[in-house]
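Trainee: I'd like to learn how to read a structure like this one. Could we go through it together, feature by feature?

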Amino acid sequence: MAKFRIEFISESEDSYAYIETRIFKNEPDAIVINIKDDTDSMARCVWFDKSTAIKFAKTLRTEINKIES
C-alpha cells in the first residue's frame, strides 16, 4: 500500500500545508490525494482510479520536465 505525506512550510514558518496520498482498504482501486493547510479546517480531496492516477502522474512529470528545461 502506497502512503506518504509531504509537508510544505510557508515563508513565515508560522504555517504549513501538507499533501497526503492514501489507498483505502474498502476501495482498493481508488487513490485519494488530500491537501490541507493549517489556516483552513477543511481538507480538499481528489479521488483517482488507477488509470487516471497513472495519467495524472505522467502529466505531472511532463510539466516538471518543462520547468527544468
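**Reading the fold, the core and the surface**

Mentor: Buried means under 20% relative accessible area, exposed over 50%, and partly exposed in between, with a 1.4 Å probe and protein chains only. This is a predicted model, where local features need pLDDT of at least 70, side-chain atom pairs count only at pLDDT 80 or more, and totals for chains, interfaces and linings use all residues. Residues are numbered from 1 along each chain as its sequence is written, and side-chain values use heavy atoms, leaving out hydrogens and water.

Trainee: Which pattern does the protein follow along the sequence?

Mentor: Helices (H or I, at least four residues) and strands (E, at least two) are DSSP runs, numbered from the N terminus. Here there are four strands and one helix, in the order β-β-β-β-α. Phenylalanine 56 sits in helix H1, residues 50–68.

Trainee: How many aromatic pairs does a search of the whole structure find?

Mentor: Rings of Phe, Tyr and Trp (its six-membered ring) pair if their centres lie within 6.5 Å; planes under 30 degrees apart count as stacked, over 60 as edge-to-face and the rest as tilted. The search turns up one pair. Phenylalanine 48 and phenylalanine 56 are its partners, stacked at 5.0 Å centre to centre with 25° between the planes. Phenylalanine 48 is buried, with a relative accessible area of 14%.

Trainee: Which residues form a nonpolar patch on the surface?

Mentor: Like charges are joined within 9 Å, and nonpolar side chains (Val, Leu, Ile, Met, Phe, Trp, Tyr) within 5 Å. Here the patch is Phe56, Leu60 and Ile64, with about 260 Å² of accessible area together. Such areas come from the Shrake-Rupley method with a 1.4 Å probe; for residues, only the protein chains shown count as cover.

Trainee: Is asparagine 34 buried or exposed?

Mentor: Asparagine 34, in strand E3 (residues 30–37), counts as buried because its relative accessibility is 6%. Contact means heavy atoms within 4.5 Å. Leaving aside residues up to four places away in sequence, asparagine 34 touches Tyr18, Ile19, Glu20, Arg22, Arg44 and Cys45. Valine 32 is also placed in strand E3, and is buried at 1% relative accessible area.

Definitions and conventions. Patch = residues over 30% accessible without salt bridge, like charges linked within 9 Å, V, L, I, M, F, W, Y side chains within 5 Å. Salt bridge = Lys/Arg side-chain N within 4 Å of Asp/Glu carboxyl O.
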